[in-house]
Amino acid sequence: MPTLVNAETDERNALLSFVAAQRGGLRRAVLGLTEEQAATRPSASALSLAELVKHAAICEREWVVGILLDRAEGRHDYRESSFVLTEGETLADWLERYAEVAAETERIIEELPNLEVDAPLPEAPWFPAGSRRTARWVLLHLIEETARHAGHADIIRESLDGRTAFELVGEEMAQVG
């Protein structure tokens, strides 16, 4: 637990706070890196830190806008293209986009009448046909998904320059403080 999430005021606040904390782990993993370092794949994984940030942004928007709200502009075949930076894409651009996605997610979730709002899951071999999930489930899934990738990011960052999540929290706090 590199950071302590604030005490919750209600369930919606708690879930959004934990998603935000995991996003912070991804953002901190790239703290102080050059574009070249962020695009490097220093471990056995085929992923770079920049690509993890890109994937997390696309995946979150897919779940909240594409699935939960069922809006076409949120749909993306993230399994194919979200793990690769294409020509002209930068870490800086994806960090900015991730911040926009986070703000959009928080606004959408705050505007829902409750967390019982549900939506059908898309057709995919890993989803049972006709399955539906609530906004609560989507937020819990985003916590899980983002935490997994934040853990991947910790390992990649430590492989790059030996910096750990705790060191990066301290650096971030020094910059803010």
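Predicted model: local features only at pLDDT ≥ 70, side-chain atom pairs only at ≥ 80, totals over all residues.
1. Start with helices α3 and α6. Their axes are 10 Å apart and cross at an angle of about 175°. Anything over 145 degrees counts as roughly antiparallel, so α3 and α6 get that label. If you're new to this, two packed helices are described by the angle between their axes and the distance between the axes.

2. Now look at what touches what between those two helices. On the α3 side you'll find Leu 49, Leu 52, His 55, Cys 59, Glu 60, Trp 63, Val 64 and Leu 68. Sorted by class, the contact of α3 with α6 has 13 nonpolar, four polar and three charged residues.

3. Next, compare helix α1 (residues 11–29) with helix α7 (residues 165–176). Here the axes are again given as 10 Å apart, but the angle is about 90°. The range for roughly perpendicular is 65 to 115 degrees, and therefore α1 and α7 are described that way. Arg 27, Arg 28 and Ala 29 are the α1 residues in this contact, and they meet Leu 168, Val 169 and Glu 172 of α7. The class count for α1 with α7 is three nonpolar, no polar and three charged residues.

4. Which residues have the most contacts inside the largest nonpolar core? They are Trp 63, Leu 68, Ile 109, Leu 115, Val 138, Leu 139 and Leu 142, in a core of 22 residues. The elements giving two or more residues to this core are α1, α3 (49–68), α5 (91–111) and α6 (135–161). Helix α3 gives the most, with six residues. There is also a second, separate core of 20 residues, which includes Ala 38, Tyr 98, Ala 150 and Ala 153.

5. Skip its neighbours within four places in sequence and you'll still see contacts with Trp 63, Ile 109, Leu 112, Val 117, Ala 119, Thr 134, Ala 135 and Val 138.

6. On to charges. Side chains of opposite charge can pair when their charged atoms come close. In this model the count comes to 13 salt bridges. One of them joins Glu 60 and Arg 23, at 2.8 Å from N to O. Glu 60 sits in helix α3 and Arg 23 in helix α1, 37 residues apart, so the pair links distant parts of the chain. Are these two buried or exposed? Glu 60 is buried, with a relative accessible area of 1%, and Arg 23 is buried as well, at 2%.

7. Thr 105 belongs with that pair. It is found in helix α5 and is buried, with a relative accessible area of 1%. Leaving aside neighbours within four places in sequence, Thr 105 is in contact with Leu 16, Arg 23, Glu 60 and Val 64.

8. Arg 61 forms a salt bridge with Glu 104, with the closest N and O atoms 2.7 Å apart. That pair links helix α3 to helix α5, across 43 residues of chain. Arg 61 is buried at 15% relative accessible area, and Glu 104 counts as buried at 14%. Lys 54 pairs with Glu 89, with closest N and O atoms 2.8 Å apart. Lys 54 is in helix α3, while Glu 89 is in the loop between α4 (78–81) and α5, 35 residues apart. Lys 54 is buried at 3%, whereas Glu 89 is partly exposed at 23%.

9. Finally, two loop residues. Asp 70, in the loop between α3 and α4, has a positive phi of about 55° although it is not a glycine. Thr 34 is in the loop between α1 and α2 (35–38) and counts as partly exposed, at 41% relative accessibility. The C-alpha atoms of Thr 34 and Leu 91 are separated by 8.7 Å, with the two residues 57 apart along the chain.

Technical notes:
Residues numbered from 1 in each chain as written. Heavy atoms only, no water. Axes fitted to C-alpha atoms, helices over the stretch in contact; angles between N-to-C directions. Helix = DSSP H or I, 4+ residues; strand = E, 2+ residues; numbered from the N terminus. Parallel < 35°, antiparallel > 145°, perpendicular 65-115°, else oblique. Contact = heavy atoms within 4.5 Å. Nonpolar A, V, L, I, M, F, W, Y, C, P; charged D, E, K, R; others polar. Core = buried A, V, L, I, M, F, W, Y, C linked by side-chain atoms within 4.5 Å. Buried < 20%, exposed > 50% of the residue type's maximum accessible area, 1.4 Å probe, protein only. Salt bridge = Lys/Arg side-chain N within 4 Å of Asp/Glu carboxyl O.
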